[in-house]
Amino acid sequence: MTAPKTLYDKIWDAHVVHEQEDGTCLLYIDRHLVHEVTSPQAFEGLRLAGRDVRAPDKTIAVPDHNVPTTLDRVSGVIANEESRIQVDALDKNAKDFGIHYYPVSDVRQGIVHIVGPEQGWTLPGMTVVCGDSHTATHGAFGALAHGIGTSEVEHVLATQTLIQKKSKNMKVEITGKLKPGVTAKDITLAVIGATGTAGGTGYVIEYCGEAIRDLSMEGRMTVCNMAIEGGARAGLIAPDETTFEYVKGRPHAPKGAQWEAALNWWKTLYTDEGAHFDKVVTLKGEDIEPVVTWGTSPEDVLPITANVPDPESFSGGKVDAAKRAIEYMGLTPGQKLTDIEIDTVFIGSCTNGRIEDLRAAAEILKGKKIKDGMRAMVVPGSGLVRAQAEEEGLADIFKDAGFEWRLAGCSMCLAMNPDQLSEGERCASTSNRNFEGRQGYKGRTHLVSPAMAAAAAITGHLTDVRELMTETETA
Amino acid sequence: MEKFEKLTGVAAPMPLVNIDTDMIIPKVFLKTIKRSGLGVNLFDEMRYDRQGNEIPGFVLNKPQYRNAEILVAGDNFGCGSSREHAPWAIADFGIKCVISTSFADIFYNNCFKNGILPIVMPQEVVDVLMEDAEKGSNARMTVDLENQVVTTSDGQEFPFEVDAFKKHCLLEGLDDIGLTMNNVKDIDAFESKLAQERPWV
Ligand code: SF4
């Protein structure tokens, strides 16, 4: 009998091409996702060395980071010259090297981490990489997925492999049920709050437990998406019926006999009884509240019912970091989080730009208006999410409430396109990073779930979404 | 890639924790399609005001640290985005070694691909090195990769750990792709096996 293995061990073992004596491995990469910001230098490197893309059929590219999301983009060229050069470079590189490509004009275009799963490129048991840290998203399928730098992008393009050493195994278990108003976003933020942004460094996390099992694929993607914010290399969730159901019938999912063969293998992808984890973190589902971030690190997270903390309540280097964060965010220690006024709301990103996220926000917004003077936008994660939301009538709910209804892209998640906060503006955002300047120079970001973002748009301040939920929703 | 062997230079202290890659190189500079020229924008938002004037209090603007080649930083350095523009900017500025109690994973790996040595030291040691760095340009620290030792300006020695393979590549200035190409037969074999066992990939 072989020793019991974790899910991570199993996927790793299935992809080792070569192992050196010191444990450094050459790992085969099943899917390589590419976007315009971190790839130009890699393609340039290939050209300079006279190399080809080894597996163009396993390489998928889509521009997302700096494309405009305003409706006029369909008609014209990108106004910002540098952005245009990057998108043009991707167009050209995709064509020259013969890789799969979804240009801006394609309805399937969107954020790379939304497009991959949507098109069935991401499948259980795969290794998936992308020159983007939120590649962890794909771990929701039980795929080993992580971000890489541009040198590694070039390495994967040229060799379809990565030089890797194995990480340690961490188990994050969320037991029991979630309370009403608590979502996948709250889970993932609560975990980071508990472990810290460096808590996962050196680990691959496997999320498990009833509360995780109960999540849809959209919710699982939200959880894994932010594994990187906890410092982990990747997050994983074992595939199950929910996963197979989601994958089945997608354009690039296996069909017929291959589907059966794939399914047989996928069903072996779970952590064996008694397998070793180097670290275990357990949270009770019912203890998790709707949360918000108050500071400039995703670990600066508190239940919405709490107050802005006193920096002196921290220890070590965190005291100064908290002081700096509170000053940057323009807050006062002891202030109630629900008293923080908001002027901008952003719903979108690879964390919360999927159909279920839009449904959750629309549910709160139905028949309501956003606060006077509020700037609020919804940026669907892909053209297909956008189309579906229009079909379901969600777009109308957003528009009637006063939201701008945008085209797909990363948008204000990192504000490389024109969607940015101005100095001092304060945003309730469904994205994943609240770093200084992330959404615009001196902009202030509070990370929240889509439902909480919708609630803040209505009231004009950070709000406990449960106060806006109808009896049936809270029952 | 440039070799890294032994370095003696000025170390700049940045005790702040969780210095993320957005701080190291803000996103407005990611729109380049080149690797070079990012050094002037290293730590841009901390280093310059909105008019582009230097902020005198920022460490790399102080005369004694303008030519720093080593950075001693707070915990969890390089967290956030995977942008390799961060190590490109650091290297372009002239910094060849970063010392902290921990680094974010992707950033750590990216350093080695760009001839930068990231060194993880326990808190007590980082405290000593931070103090040494505070002394400014009269204090020159030495980083010896071959022997895996950091020496402070007053001669205190601290050994450090580094992955043997990564060390080898840095010492020799080896290019990863070239190395992997030596294993191309293994990749071919793996792909044939994959086509049999998991044809849907
Ligand atoms: S949505 Fe935000 S986090 Fe996701 S890929 Fe785009 S920029 Fe990165």
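**Figure 1. A salt bridge between chain A and chain B in the predicted model.** In this predicted model, the side chains of Glu154(A) and Arg35(B) come together in a salt bridge, with an N to O distance of 2.9 Å. Between chain A and chain B the count is 6 salt bridges, and the count of residue pairs in polar contact, both residues being at pLDDT 80 or more, is 29. On the side of chain A that touches chain B, at least two residues each are supplied by strand 1 (16-19), strand 2 (25-28), helix 2 (40-49), helix 3 (81-97), helix 5 (150-159), strand 8 (161-164), helix 10 (256-266) and helix 11 (318-329) of chain A. Helix 5 of chain A gives the largest share of that side, 7 residues.

**Figure 2. The extent and make-up of the contact between chain A and chain B.** The contact draws 74 residues from chain A and 53 residues from chain B. The area buried between chain A and chain B is about 5,300 Å², and carbon and sulfur atoms give 57% of this area. In chain A, the residues that lose the most area to chain B are Gln41(A), Arg54(A) and Tyr441(A), which together make up 13% of what that side buries.

**Figure 3. The largest pocket, with lining residues from chain A and chain B.** About 1,400 Å³ of space lies in the largest pocket, and of the 50 residues that line this pocket, Tyr108(B), Asn109(B), Phe112(B), Lys113(B) and Asn114(B) lie nearest its centre. Two or more lining residues are given by each of helix 5 and strand 8 of chain A, and likewise by strand 1 (6-14), helix 3 (85-93), helix 4 (105-112), helix 6 (164-172) and helix 7 (176-181) of chain B. By class, the lining of the largest pocket has 17 nonpolar, 12 polar and 21 charged residues.

**Figure 4. The largest cavity and the residues around it.** The model holds 5 cavities of 30 Å³ or more, and the largest cavity has a volume of about 230 Å³. Among the 26 residues that line the largest cavity, His65(A), Asp132(A), His134(A), Leu414(A) and Arg438(A) are the closest to its centre. Helix 4 (112-118) and helix 12 (349-352) of chain A each supply at least two residues of this lining, which divides by class into 9 nonpolar, 12 polar and 5 charged residues.

Figure 5. Asp96(A) and Lys92(A) form a salt bridge in which the closest N and O atoms are 2.8 Å apart. Over all chains, the count comes to 36 salt bridges.

Definitions and conventions:
Residues are numbered from 1 along each chain as its sequence is written. Chains are lettered from A and ligands numbered from 1 in the order in which they are written. This is a predicted model: local features need pLDDT of at least 70, side-chain atom pairs count only at pLDDT 80 or more; totals for chains, interfaces and linings use all residues. Side-chain values use heavy atoms; hydrogens and water are left out. Contact means heavy atoms within 4.5 Å. Buried area is the accessible area (1.4 Å probe) that two parts lose on being put together, summed over both. A salt bridge is a side-chain nitrogen of Lys or Arg within 4 Å of a carboxyl oxygen of Asp or Glu. A polar contact is a pair of N or O atoms within 3.5 Å; within protein, one must be able to donate a hydrogen and the other to accept it, and residues adjacent in sequence count only if both atoms are side-chain atoms. Helices (H or I, at least four residues) and strands (E, at least two) are DSSP runs, numbered from the N terminus. On a 1 Å grid over the protein atoms alone, a cavity is a set of points where a 1.4 Å probe fits but cannot get out, and a pocket is an open set with protein on both sides within 12 Å along at least five of seven lines; lining residues have an atom within 4 Å of a point. Grid points are joined across faces, edges and corners, and a volume is the space filled by probe spheres set on the points. Ala, Val, Leu, Ile, Met, Phe, Trp, Tyr, Cys and Pro count as nonpolar, Asp, Glu, Lys and Arg as charged, and the others, Gly among them, as polar.
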